[in-house]
Amino acid sequence: AIGLLVTQETPSHDKGRLDAFASLLAGRLEAAGAAVELLPQPEQGNHLLARFVHGNDTQPPALVLCHYDTVWPVGSLATHPFRVEGGRAYGPGIFDMQSSLVLVEAGLRAVRELGILLPRPISVLITSDEEIGSVSSRARIEQEALEAAYVLVMESPLPGGVLKTTRKGIGTFQVESVGRAAHAGVDPERGINAIAEIAHQILAIQALADREAGTTVSVGRVAGGTATNVVPARASLQVDVRAWTEAEASRVAVALARLQPGLPGAQVTVSGGWNRPPLERSATGALFERVRLIGRTVGLELAEGGTGGGSERRSARLSSVGPAAAPGSSRTRR
């Protein structure tokens, strides 16, 4: 089964291939005993929602989250063919996350074939655009997660099979400085250099990082000016912020909203915010401990860890953090 899925090739922007793959998955999950609904999308690939009941159907479901799009372009099989060597399978997208789709299907089949009665239904949401930010699936992820008793995310683990119980929250902020244009050679004193202003802001922003707390603040893009002989009237930057805790996320958001111009007469506008809140162990610890106990019954000793990388699988916990949190909001300082 894993070879079949890997060799389909499902890059995030190829709707034809994505839709065909969703239909393939739908058939396989129906054969495993699930009631399957395709969720049509006008631009991204269709999503898939499977409901599996084998026992008690009165409790809130357990939600299993997956995606089937990959970062590999069509044609990658020519250079990275699917193969099995030394008991391991290789191929584009096999780790993230076609192998997880096979595991989900196998689990459903096993429950039915072994006659295991489940304490609650299982919902399986499989999306087509996780690798590009879940632009069309986020609302449905949030909806299904809020209705579920708990969520198991089938994303690839840390090295060694370590389960991810914590993730950094992710914020993307924009800062724009506005000065005054002037001729750089004739009357530069009349100008207010927006690039110089944004340089002041870069130093202030980078200083918000806290290594001990694990909070990273990285100015990744800077732009400004129109010509070398003109004092620049506008400049801008984009900053990536990541934090392990809600408290740190709030601290940075508040500090960014309070940025002040360093040059007389300049203006500074801050926009953007936190689009993924931190996933703290307080939200996952109890579930992990239960999973670890279950693992021991079948000879698995599971470990846990965290990552600063992003995941769309925290969408149900989206919350505003600080006054500059809402995407599109802004604060201007003069």
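In the largest nonpolar core of this predicted model, which has 24 residues, Leu25, Cys66, Tyr68, Leu101, Val124 and Ile126 touch the most other members. A nonpolar core here is a set of buried Ala, Val, Leu, Ile, Met, Phe, Trp, Tyr and Cys residues joined through side-chain atoms within 4.5 Å, and buried means under 20% relative accessible area, with exposed over 50% and partly exposed in between (1.4 Å probe, protein chains only). At least two residues of this core come from each of helix H2 (15-31), strand S2 (47-52), strand S3 (62-67), helix H3 (94-114) and strand S6 (122-127), where helices (H or I, at least four residues) and strands (E, at least two) are DSSP runs numbered from the N terminus. H2 gives the most to this core, namely six residues.

This is a predicted model, in which local features need pLDDT of at least 70 and side-chain atom pairs count only at pLDDT 80 or more, while totals for chains, interfaces and linings use all residues. Residues are numbered from 1 along each chain as its sequence is written, and side-chain values use heavy atoms, with hydrogens and water left out.

The backbone also deserves attention. Most residues other than glycine have a negative phi, and most peptide bonds are trans. The peptide bond from Asp96 to Met97, however, is cis, with omega near 0°, and Met97 is placed in helix H3. Glu9, in the loop between helix H1 (2-6) and H2, has a positive phi of about 60° although it is not a glycine, and it counts as buried because its relative accessibility is 12%.
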